[in-house]
Each structure stands twice: as structure tokens, then as C-alpha cells.
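I opened this model to look up its core, its chain pairing and its domains. My entries follow in the order I made them.

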2 protein chains.
Amino acid sequence: MAAAGEPEVIRDKAAMRAWSRRRRAEGKTVVLVPTMGFLHEGHLSLVSTAANASAGAPVAVVVSIYVNPSQFAPTEDLATYPSDLAGDLRKLASTGAVHAVFNPPDLYVRGTDGSGGAAVSGSCLQEAAGGHETWIRVERLEVGLCGSSRPVFFRGVATVVSKLFNVVEPDVAVFGKKDYQQWRLICRMVRDLDFAIEIIGSEIVREADGLAMSSRNVHLSREEREKALSISKSLVNARTSALKNSNSASQHMKNQIAQTLSEAGGRVDYVEIVEQESLVPVDTIDRPVVICVAAWFGKVRLIDNIEIHPGS
Amino acid sequence: MAAAGEPEVIRDKAAMRAWSRRRRAEGKTVVLVPTMGFLHEGHLSLVSTAANASAGAPVAVVVSIYVNPSQFAPTEDLATYPSDLAGDLRKLASTGAVHAVFNPPDLYVRGTDGSGGAAVSGSCLQEAAGGHETWIRVERLEVGLCGSSRPVFFRGVATVVSKLFNVVEPDVAVFGKKDYQQWRLICRMVRDLDFAIEIIGSEIVREADGLAMSSRNVHLSREEREKALSISKSLVNARTSALKNSNSASQHMKNQIAQTLSEAGGRVDYVEIVEQESLVPVDTIDRPVVICVAAWFGKVRLIDNIEIHPGS
């Protein structure tokens, strides 16, 4: 791929759309990598996937950096979500593969009065009369897993991603498979709403010791970080066991993982074994599944997952 | 405007999108007129608005014809909704202003099993596992007026319109102001989700005697049709009165309209006087409002409305 040099930073929606349309008119494939910033190697791996997303044709890679308030509940960590725009821009420039960074100050229309109108959001986006009120729901995939403990999360994600799609108008968008449910939900939304966008799921990037990379890892103490290794270890062990023993029972495996996490000092949010596309729980591991885990270590909620293709 | 001749009939989503992109690459403004077919003079007026939607620049006008099952409740009239594709195509050709007709056999992904999955739709779209599950809600504007008696209607409308937007990728879309709440809701959805589409609201077209044109009028008996004239008459009288007497009380006016409709033999669904953009009810007519009415005459539910700009 051609070196992209210093990416152009765009803050205005109309300017972003005009930029994309110019690139497309030049015959380029516009590829979007949506992020919330505080970038790590996992994000840079998404950028690398984006740079190679189009066989042969030149690409124009856009990384968006926007911490979306509507996917956080008021009880969650919006206020402490880490950020470092200058560092992010340096890292993106160093890849030589990013052509534009979309960093809008705000993506939502705010209302003119604080009374809240008819709808109560439940998210960190204040919904005043006249303000934002349109939400996208992916009704089956948003239920369960992270949807159980984060009831407004996927509504916020689906809505902000469709806004980014309509502003950036990409041909391709890249999502990390660490946020497995999010990736599947976006694929489903794209299918159901007929977005002309190809979605690429990019593999999880891990630290040398196995911890899945996450912007939230920075909030882990050294001791918590050590304990959190139990997540990836238990997932790898579970996969090894499932590949050795055909038709393993899900319940037994889920119990084992949960026990390992608890013994390490984690507080389990969920351990589920589900079909890869529908995210429907399975009783027996006799088809392609994914084990999804969410657990708290200290004040940090971590998620991770591992795909299993039995018989492969 | 240049004569468009016989419109091209397109049934496939990908072909439709490719058609639009070619027209846009030629420098044309793509204008969409979404309809459910059984076209009348009201629709042709939307086409005329579409043909003149772009000052100076050439337009490519697409009329979509698709009866959207997801906006009908199972108790409603999907099965008897009138259709006449051949007649529609003749009428559109006769305007000389329509370049393409998008008439898809189906717009939704259907599931592979009838069990229904986790979500129950409440609409005429059967939601089987693996099938369509993504819905757009405009949470304040979908409440009240037609939303009260048709709880799945606006969810279905917002969703199918966004699908049409993503398939046709228009620069402009034209909606009739007879469906006043629908028009305002689409404007809000476009704003909130950042669709790059200008929405034009086109004025109500009436029969010579004042009845607002509707595909459903065909189901009115001669007697019912006569009685239904009470709708437009009572709306015109209300506006005359409001313009004559400043700060009229809404309640008194709503009572009068409801009484007139009932005396004529109609069954009132609602009479409301609301702000034009927010659709919030007003007590006093001291700012721009719209009076919205829905009433049954026989087995036909009719809607109509009239805008009032006091002091103008």
C-alpha cells in the first residue's frame, strides 16, 4: 500500500463527507475504522486490516475517534474513559496507512431545554426536547451477553455507527472481534438496513502474556492485571478441551471458566457459549461456537472471547 | 425539465443502487418519491415536486412502489390495500418526469424458521429466527396522533424508508404532507442519523370537493365518501375561526371538529392541535400549529390535516 503520511484531521461532518466523496470519485475504496481513541496495538491492527481491505484497488483509510456518550449508562465509566488525542494522532501517523482522522466535537443534536421531553434515555446522552430522539435497535442480537448488564449499550452503538456510516459513507468498515457481540450486531444492522458497506471482523490482538488489548487495561493495577490473565488462560483451556472431547457439555465448561475467574479474584458478569452468528446459547459444543466472557477485576470490566470450530 | 419517457422498472436492490450511482456520476440529482402504489393525483403531485426539486441541475426521478408489511398491524388492512401496478406505470409514464420505478418483490430478509426468535413484531412482517430484526424508532415523534392507534406503524415506516434511502441513495426525497406526522418523523430521522438527504414536504392534493386524496378512498361507498367531506370542511372552518380570533382555545376547537365528524356519521380516532415540528399539543393557538384528524367512515380510516399560521 502507498504511504499515507500525516493523516488529515477532520472535525466537521460535511467536510468529512466531502472528503470521502472526493476519494471515491478518484476510484478509491473508502475504509472506515471506528474507534473511541486511546489507541493501542489492537486498533493499529484494525488499521492494518483496513489498509489491505481492497484487493488491488487503492484505499482511503479513515479512522474515527469519538467517545460516544449514548452507549454509556450514567452508572458507567464515561467520565474516566481514557483519552490521548495527540498520542493517537502520532500512532496513526506512524502506521503510514491512515489518510484521514475524523474527530468530531459532538455527533448529536442537543435539545434546547432540559426537561427531557417524552423519552428518558438511560444513557449519558441527555435527551432534551428538540434533541436527538432516533434510535436503532437490533432486537435479538442486543439481548443477552453484554446487553444484559449494559441495557443501553448496543442501542447507542448501532445508532452512532449508522451516523458514522452516513457521514463517512465508507465502502468497507473494520470492527474488532474482541467486541464480538458488537461486530455481529453491526453485521446484522448492515444487512437489515441495506447499508452498502462490507463489514470486516478483525482478530483479537493480545499482549505477549495473552491479555486481550483494551483501552481500559490502563486502569488495571499490576496485581489486577496479573489476575485478569485468568480470562485468556481459561478460554484457551476450554477450547483445547472442546477440541479434544467432541460434544462437550456447555454448562460444565461455563462452570469451569467461571470458577477459574472467581478463584483468581475476578467478579464474573457472564460466561456464555453461543452460536457464532445468532449468539443463541448452545447446550453442546457440536457446531461452531464462541465462548464469551465478561468479568470485573477491581473497577475494570473486561471482555474477551474465543471461537471454537469443532472438528477443525 | 427534460421528458423522461418510459420509466425503467427495477426490481433488484443492487441494480437500483448501481442505477442511482451512475446517474449521480453523470452530475444528476437523484430524487426519490417513496409510495405504496395505487397512485392518484396526490402522488403525481409528488412527482411534479420531485421533477422541480433541483434548481437548475438535471434530476433523475425514482418512484418506489412497495407495500411495506412491517408498518401494518395484523389487525389492519394489508390484505385489502389496493394495488394496480400496470395502471401505476401508465400514470407515471404519462408524467414524462419519472426515470425509474423501483418495485422490489420484497425488501426484508426472511428467517429460516417460524419460531419467531426472541422478538415478537406485532406487525405483518413475520420475524423468524435469522430474519429481519433491526428497527428504527423516533421516540418522541412516533408517540401520539396515529402512533396511539397504530403502535407499529412509525417503526415500520422509519425502517423501510431508511432501507429505501440506503438502496436508492437519493440526494432528495419527497413526502406528502397529508401524512403529516410521517413527514415530520422522517425529517427528524434524517437529522438524527445524518442521512445526506434533503426532505421536501409536498402539499396535500384534494378532490374538487375538498376530500384529501388517498389510495384508501377507493374503498369508500358513495354515501361514506359524502360523509367524509365533513373532515376537510371542519378543518377549513377551524382555520378560518382561528385566524379570525387570536389565541383560540384548542380544546373548544377540537370538540367542535369531533362533534362535526360524529354528527356526519364518522367515528373519530383523534383530533389534535399540535406544534408543527415537535407535534406537542398546544392549549392555545398562538403560534404555528397543525390540526390533525383521523376518523373512520365505514371500514376506512382517513387522515387529514391543516396548518395554521396565526397572524399571517
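**Core**

I began with the largest nonpolar core: of its 164 residues, A:V47, A:V61, B:V47 and B:V61 touch the most other members. Such a core is a set of buried Ala, Val, Leu, Ile, Met, Phe, Trp, Tyr and Cys residues joined through C-beta atoms within 7 Å. Buried here means 20 or more other C-beta atoms within 10 Å of a residue's own; exposed means 12 or fewer, partly exposed is in between, and C-beta atoms are placed from the backbone.

I noted the ground rules next. This is a predicted model, in which local features need pLDDT of at least 70 and side-chain atom pairs count only at pLDDT 80 or more, while totals for chains, interfaces and linings use all residues. Residues are numbered from 1 along each chain as its sequence is written, with chains lettered from A and ligands numbered from 1 in the order in which they are written.

Which residues does A:V61 touch, not counting those up to four places away in sequence? I found A:A4, A:V31, A:V33, A:V47, A:A50, A:A51, A:A97, A:V98 and A:H99. Contact means C-beta atoms, placed from the backbone, within 7 Å.

**Helix α2 of chain A**

I then checked α2 (residues 41–51) of chain A. Eight of its 11 residues are buried, so the helix is largely enclosed by the rest of the structure. Among them are A:V47, A:A50 and A:A51. The buried residues of α2(A) pack against β2 (29–35), β3 (59–65), α3 (85–95), β6 (172–176) and β7 (198–202) of chain A. Helices (H or I, at least four residues) and strands (E, at least two) are DSSP runs, numbered from the N terminus.

**Chain pairing**

How is chain B laid on chain A? I get a turn of 180° and a shift of 0.0 Å along the axis, with an RMSD of 0.0 Å. That is the relation of a two-fold axis. The superposition is by least squares on C-alpha atoms of residues with pLDDT of at least 70 in both copies. Of the residues of chain B, B:I136 comes closest to the rotation axis, at 2.3 Å (C-alpha).

I counted 32 residues of chain B in contact with 32 residues of chain A. On the chain B side, α1 (13–25), β5 (134–138), α5 (153–168) and α6 (180–193) each supply at least two residues. 100% of the interface residues of chain B are also interface residues in chain A, so the copies meet through the same surface.

Strand β5 (residues 134–138) of chain A pairs with β5(B) in the antiparallel sense over five bridges. Pairing requires at least two DSSP bridges between the strands. A:V138 has B:T134 as its bridge partner, and A:R137 stands opposite B:W135. Five of the five residues of β5(A) are buried, so this strand is largely enclosed by the rest of the structure. A:T134, A:I136 and A:V138 point one way, A:W135 and A:R137 the other.

**Domains of chain A**

The assignment, automatic or from a database, gives domain 1 (8–202) and domain 2 (215–304). Their centres, taken over C-alpha atoms, are separated by 26 Å. The contact takes 14 residues from domain 1 and 12 residues from domain 2. On the domain 1 side, α4 (146–149) and α6 (180–193) give two or more residues each.

A:S241 is partly exposed, with 15 other C-beta atoms within 10 Å.

Key
Contact = placed C-beta atoms within 7 Å.
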